[in-house]
Amino acid sequence: MIDKPLVVPWAETLWNKLARQHAESRLPHAILLTGHTGIGKIEFAQAFAHLLLCHQPHNHQPCGHCRSCELLSSGNHPDLVYLHPTEAGKAIKVDQVRELLQFLHNTAQQGGYRVVVMEPAENMNINAANALLKSLEEPGNNTLLLLVSHQPGQLMPTIRSRCQQVGFPMPSADQAAPWLTQQLGIEAERAGQLLRITRGAPLKARLLYQTDRVSFRAGFVTGLADLLKARTTAVTLAEKLYKEDLLQLLEWMYSLLVDIARLQADSETLKISNADMFKMLNAVAKKTTAVKLYSLIDQLQAERISLMERHNPNRQLLLETLLLGWVGLVR
Ligand SMILES: [Zn+2]
């Protein structure tokens, strides 16, 4: 059995309903899954495709270890097609649909279901939609076309009428907040804040948080590089960053220092975690000494512990000291 839940809790009822239809061979050929963006439709469609392709589903869940499940986890199952615009926001084109028709013409290679997940279906241009029409009626046996749409009103009525329309539920605040808190390991207050920005769409909120993280890390690392090049000072940078998630900053810094230690032992890019920072890390590794490096690592560890134990340190001073230690590596 797969140990992590495949679907978000607010879609469990829908999942069980469709899984039961599948178990009783009552699934339609084409389903149009509709609802707001960022509430879990695409993940649901992919998980449901997984269930259909599994050779030994159990309790409405894929087994996780049959040949079909293995192919899915390696990301190339021959009986699953995932159709989406080649560029975000662009149209799904007729050539893509023609390839799909070719796929539908062949029999299933793993001897079971064939599944097509298309999203967002409203991005099909008119030619693409027309090309798909006939296949929506008769895609062949044991075949499911799963069209995901955030704006079904934009679909051609002839497409809509050939699918069984299934509304994807919007989570209540009581469902969304705990899910997001648990997914990101953040505090309830921050989760609530993210959900307000995304109008209650939890997956959109998760993406927003993760993207924010990426640019936050990029900003921090750029700051460290500027420090080495004397484009900024430890005081200025600490002032800019001390109100941020300090524990996270320290974790990133720790990981950079460990990489430098690795590079000193062996200047092989593949062995480090922050491969995107190889140039800067390698330059530091060449200039610094092991004594300086390990004393900064020790200091950083001590500060991490005091932060975690909430000793209420002077955050700005703490960060400033560590940043001075960072510059000190190459001076
Ligand atoms: Zn399986």
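Predicted model: local features only at pLDDT ≥ 70, side-chain atom pairs only at ≥ 80, totals over all residues.
Local features need pLDDT of at least 70 and side-chain atom pairs pLDDT 80 or more, while totals for chains, interfaces and linings use all residues. Residues are numbered from 1 along each chain as its sequence is written, and side-chain values use heavy atoms, without hydrogens and water.

Start with the domains. The protein chain has domain 1 (9-170) and domain 2 (233-328), with bounds from an automatic or database domain assignment. Their C-alpha centres lie 47 Å apart.

Next, a helix pair. Helices (H or I, at least four residues) and strands (E, at least two) are DSSP runs, numbered from the N terminus. Helix α9 spans residues 202-228 and helix α14 residues 315-328. In α9, L224, L227 and L228 meet L323, W326 and V327 of α14, where contact means heavy atoms within 4.5 Å.

Now the backbone. Most residues other than glycine have a negative phi, and most peptide bonds are trans. E119 and P120 are joined by a cis peptide bond, with omega about -15°. P120 sits in the loop between β3 (114-118) and α5 (126-137). S25 has a positive phi, near 55°, and lies in the loop between α1 (12-23) and β1 (30-34). S25 is exposed at 68% relative accessibility (buried means under 20% relative accessible area, exposed over 50%, partly exposed in between, with a 1.4 Å probe and protein chains only). N59 also has a positive phi, near 50°. N59 is exposed at 61%.

Last, the cysteines. C54 is buried at 6%, and C69 is buried at 2%. The whole structure holds 0 disulfides, meaning pairs of cysteine sulfur atoms within 2.5 Å.

Note on methods
Axes fitted to C-alpha atoms, helices over the stretch in contact; angles between N-to-C directions.
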